[in-house]
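Subject: A structure to look at

Dear colleague,

I am handing over the structure below, and I would ask you to open it and keep it in view while you read the notes that follow.

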Amino acid sequence: ELHIDSSCELHDVIIVARNVTIGDGFSGSLQVFAGDSVIVGDKVILGYPSGIYSRNYASLGEHSQVNGYMIVDHDGNVDIKNPNYSKARTSRLRGLLYVKGIAQLQGMVTGSAYIDEAAYYSPHGYYRNMIYDASILENDEVVYPLWLDTEGNRKEAKWVN
């Protein structure tokens, strides 16, 4: 397990671990590849081009933003009581959202969102096939990772020295 504290200074870093937690208030740019889960805390800013890849679960906290992508590639049986992706109402994702599994999608996505199944979880229960309090806006300026087979030109997001 790896915890990234707000006191860390990380820019253009690749992280590979089973479970990753990004602490409240962290700011930097990184690519995270997790074999199980990634939890992004509150008031986190992941600058462009950042990305999150998780095999089972990922969440984006209140007032946090990811500029790049968030991918959850769950390969097992889904349980409606346990989402594979959770995004807070005040969070923002600029880029690609891809969830193979169940997603609670709230807040804003500027780019593209691909999800298998949506669910809204309230204090009173859950509602299948529902997106609540979310905005998805198209953005042609976003550079996507080589995750999806799509037509069109690809370009480098950033060269790192």
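A salt bridge is counted where a side-chain nitrogen of Lys or Arg lies within 4 Å of a carboxyl oxygen of Asp or Glu. Please bear in mind throughout that this is a predicted model.

With that rule, arginine 128 and glutamate 117 form a salt bridge, their closest N and O atoms being 2.8 Å apart. Because arginine 128 belongs to strand β10 (residues 125–128) and glutamate 117 to strand β9 (residues 107–122), the pair ties together parts that are 11 residues apart in sequence. The two partners can also be described by their accessibility: arginine 128 is partly exposed, at 48% relative accessibility, whereas glutamate 117 is buried, at 14%.

Where else do salt bridges share partners? Arg55, Asp73 and Asp75 are joined into one network in this way. Aspartate 75 lies in the loop between β6 and β7 (85–87), so its pairing with arginine 55, in the loop between β4 and β5, ties together parts that are 20 residues apart in sequence. In total, the count comes to 4 salt bridges.

As for the protein as a whole, its secondary structure comes to 0 helices and 11 strands. Its radius of gyration is 15 Å, close to the 15 Å that the globule rule gives for 161 residues, so the protein is as compact as a globular protein of that length. The C-alpha trace spans about 50 × 40 × 30 Å along its principal axes, and 46% of the 161 residues count as buried. Finally, the protein has 13 positive and 20 negative side chains, and the centres of the two sets lie 3 Å apart.

With kind regards

Key: Residues numbered from 1 in each chain as written. Predicted model: local features only at pLDDT ≥ 70, side-chain atom pairs only at ≥ 80, totals over all residues. Heavy atoms only, no water. Helix = DSSP H or I, 4+ residues; strand = E, 2+ residues; numbered from the N terminus. Buried < 20%, exposed > 50% of the residue type's maximum accessible area, 1.4 Å probe, protein only. Rg over C-alpha atoms; globule rule 2.2 N^0.38 Å. Lys, Arg positive; Asp, Glu negative; His and termini not counted. Charge placed at Lys NZ, Arg CZ, Asp CG, Glu CD.
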